[in-house]
Amino acid sequence: IGERKMIKDDPAHLEYDYKKSRQAEYPSPEEWIIALVQKEIDDDSTEWDRLVERRSVVKTKYPPVETI
């Protein structure tokens with residue numbers, strides 16, 4: 001059997017891993033919904049502000065693939 005390139009070195013696989021890592025660190029839609037309700041109904045933007053900051057950190061840590 002000939003030599004095989006390890007899948008982890010495949011550019012498509014690396015891009016997939018990058019996107020999955022990026023996606024996993026973003027706040028979930030459920031987190032956004034809960035924070036929005038707290039912000040709008042309870043007049044408490046604490047959780048919303050935390051999610052905005054978390055999103056910003058992820059965007060900096062994992063810029064979109066097109067820009068790297």
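Me: Among contacts between residues at least 6 apart in sequence, what percentage join residues at least 24 apart?
Reply: This is a predicted model. Contacts here are counted between residues at least 6 apart in sequence. The share that joins residues at least 24 apart is 56%.

Me: How many helices and strands are there, and how do the elements run from the N terminus?
Reply: The protein has three helices and zero strands.

Me: Which element has the highest mean pLDDT?
Reply: The mean pLDDT of the protein is 85, and 84% of its residues reach 70 or more. Among the elements, helix α1 (residues 11–25) has the lowest mean, 83. The highest, 98, belongs to α2.

Me: Are α2 and α3 parallel, antiparallel, perpendicular or oblique to each other?
Reply: The axes of α2 (residues 29–40) and α3 (residues 46–61) come within 8 Å. They cross at roughly 140°. Roughly antiparallel needs an angle over 145 degrees, and roughly perpendicular runs from 65 to 115. The two helices are therefore oblique.

Me: How do the residues of the contact of α2 with α3 divide into nonpolar, polar and charged?
Reply: From α2 come E31, W32, A35, L36, Q38 and K39. From α3 come E47, W48, R50, L51, V52, R54 and R55. They divide into six nonpolar, one polar and six charged.

Me: Is V37 buried, partly exposed or exposed?
Reply: V37 is found in helix α2. Its C-alpha is 9.3 Å from that of W48, eleven residues away in sequence. Buried would need under 20% relative accessible area, and exposed over 50%. V37 has 42% relative accessibility, so it counts as partly exposed.

Me: What is the phi of D43?
Reply: D43 lies in the loop between α2 and α3. Most residues other than glycine have a negative phi. D43 is not a glycine, yet its phi is positive, at about 55°.

Me: Is D43 buried or exposed?
Reply: The cut-off for exposed is over 50% relative accessible area. D43 has 70%, so it is exposed.

Me: What percentage of the residues in the protein is buried?
Reply: The protein exposes about 5700 Å², and carbon and sulfur atoms supply 56% of that area. Residues count as buried under 20% relative accessible area. Of the 68 residues, the buried ones make up 12%.

Technical notes: Residues numbered from 1 in each chain as written. Predicted model: local features only at pLDDT ≥ 70, side-chain atom pairs only at ≥ 80, totals over all residues. Heavy atoms only, no water. Axes fitted to C-alpha atoms, helices over the stretch in contact; angles between N-to-C directions. Helix = DSSP H or I, 4+ residues; strand = E, 2+ residues; numbered from the N terminus. Parallel < 35°, antiparallel > 145°, perpendicular 65-115°, else oblique. Contact = heavy atoms within 4.5 Å. Nonpolar A, V, L, I, M, F, W, Y, C, P; charged D, E, K, R; others polar. Buried < 20%, exposed > 50% of the residue type's maximum accessible area, 1.4 Å probe, protein only. Areas by Shrake-Rupley, 256 points an atom, 1.4 Å probe, with all protein chains shown as cover. pLDDT = per-residue confidence, 0-100.
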